[in-house]
Amino acid sequence: MCIPSNRRWAEALRHTLRRVYDPTTRMPVPWLLSGDAALNLQGVRVEPHDVLEFRAISPFAAAYFAQLMRPHEAPETTATIVYRRGGNVPPSEGWRSNIHQRVVAWSLGGKATWLGRWLVDDVTVEVSYVRSVHPDPVAMALARREEPRRVRFENMDVPVVPLEHLLVEAVQRNHTEQSQRIMSVLRAAGYDNHLLRRAATGLPEEKSGRLVRLLEFNVIS
């Protein structure tokens with residue numbers, strides 16, 4: 001994948017991977033690139049803009065990621081709010097990982113989240129681990145024990161959340177335009193029907209069946 005080097009998010013991803021890529025060359029892979037950056041690197045026409053998302057396989061992996069990102073922590077002189085561990089208050093949008101709290105954790109609405117967040121080249125970089133009572137297609141991709149999907153970026157084979165799982169996530173969130181773009185790329189690549197059905201396991205039967213039929217009958221151009 002060739003991305004113009006003047007794009008801020010690409011430069012931020014390059015700098016982030018220089019710190020967190022090495023552990024991903026081993027198994028199990030501790031985190032996958034997710035969100036719009038993972039879509040872009042797999043050929044979907046979306047721009048990550050201001051946030052790069054990574055999803056970790058465990059709270060310990062999220063903490064490991066945070067240790068590697070220490071050079072990008074908020075300076076000690078920055079005023080920070082320390083959130084109570086295990087509370088039900090998510091951090092504010094302005095919160096950044098710092099020496100006092102590199103990963104913040106909270107639980108709300110049947111979902112527990114561990115989050116680290118940094119500013120790299122004026123782009124927000126986040127790592128999260130999510131444990132939820134609700135179906136989570138990205139968590140399903142992380143739970144697989146086989147070799148993860150990888151894409152080439154800056155001479156690195158970056159592990160990413162597969163398109164079929166990102167498609168299910170977009171459908172869950174009712175992101176119609178993004179769903180259409182992902183489906184178009186999947187069809188052009190000759191998607192594996194079995195993989196799509198496995199990724200859609202968490203969706204209600206009616207919605208997952210409709211999703212597969214849309215691809216099978218080429219309804220969306």
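Val 161 sits in the loop between strand E7 (156–159) and helix H5 (163–172); helices (H or I, at least four residues) and strands (E, at least two) are DSSP runs, numbered from the N terminus. This is a predicted model, where local features need pLDDT of at least 70 and side-chain atom pairs count only at pLDDT 80 or more, while totals for chains, interfaces and linings use all residues. Residues are numbered from 1 along each chain as its sequence is written, and side-chain values use heavy atoms, with hydrogens and water left out.

- Val 161 has 0% relative accessibility, so it counts as buried; buried means under 20% relative accessible area, exposed means over 50%, and partly exposed is in between (1.4 Å probe, protein chains only).
- Setting aside residues up to four places away in sequence, Val 161 touches Leu 32, Leu 33, Ser 34, Ala 38, Gln 42, Val 138, Ala 141 and Leu 166; contact here means heavy atoms within 4.5 Å.
- Val 138 is 23 residues from Val 161 along the chain, yet their C-alpha atoms are separated by 6.7 Å.
- Ala 199 belongs to helix H7 (residues 193–199), and with 1% relative accessibility Ala 199 counts as buried too.
- Pro 137, Met 140, Glu 164, His 165 and Val 168 are what Ala 199 touches, again not counting residues up to four places away in sequence.
- From Ala 199 to Leu 167 you'd count 32 residues in sequence, and the C-alpha to C-alpha gap in space is 8.8 Å.

**The nonpolar cores**

- A nonpolar core is a set of buried Ala, Val, Leu, Ile, Met, Phe, Trp, Tyr and Cys residues joined through side-chain atoms within 4.5 Å.
- The largest one has 57 residues, and Leu 13, Leu 17, Leu 33, Phe 54 and Ile 182 have the most contacts inside it.
- There's also a second, separate core of 5 residues, including Tyr 83, Val 104, Trp 106 and Leu 115.
- Which residues does Leu 13 touch, not counting residues up to four places away in sequence? They are Leu 33, Leu 41, Leu 52, Phe 54 and Phe 153.

**The sheet and the helix across it**

- Picture 5 strands forming an open sheet in the order E1-E2-E5-E4-E3, with mixed pairing; two strands pair if DSSP finds at least two bridges between them.
- At the edges are strand E1 (31–34) and strand E3 (104–108), each pairing on one side only.
- On average, neighbouring strands of this sheet are turned by 30° against each other, direction ignored; axes are lines fitted to C-alpha atoms, for helices over the stretch in contact, and angles run from 0 to 180 degrees between N-to-C directions.
- Strand E4 (residues 111–120) and E5 run antiparallel and are joined by 10 bridges.
- Val 120 stands opposite Val 123 in E5.
- Helix H1 (residues 8–20) lies across E1, strand E2 (51–56), E4 and E5, and runs at about 30° to E2.

**Charged pairs**

- Side chains of opposite charge can pair when their charged atoms come close.
- A salt bridge is a side-chain nitrogen of Lys or Arg within 4 Å of a carboxyl oxygen of Asp or Glu, and by this rule the count comes to 13.
- Take Arg 117 and Glu 126: they form a salt bridge with the closest N and O atoms 2.9 Å apart.
- Are these two partners buried or exposed? Arg 117 is buried at 5% relative accessibility, and Glu 126 is buried with a relative accessible area of 18%.
- Glu 126 is part of strand E5 (residues 123–132), and its contacts beyond four places in sequence are Val 51, Leu 52, Glu 53, Phe 54, Leu 115, Gly 116 and Arg 117.
- Arg 150 bridges to Glu 147, with the closest N and O atoms 2.5 Å apart; Arg 150 is partly exposed at 25% relative accessibility, and Glu 147 is partly exposed at 45%.
- Arg 181 and Glu 177 make a salt bridge too, the closest N and O atoms being 2.8 Å apart.
- Both Arg 181 and Glu 177 lie in helix H6 (residues 176–189), 4 residues apart, which is about one turn of the helix.
- Arg 181 counts as partly exposed at 35% relative accessibility.
- Elsewhere, salt bridges that share partners join Glu 11, Arg 14 and Glu 154 into one network.
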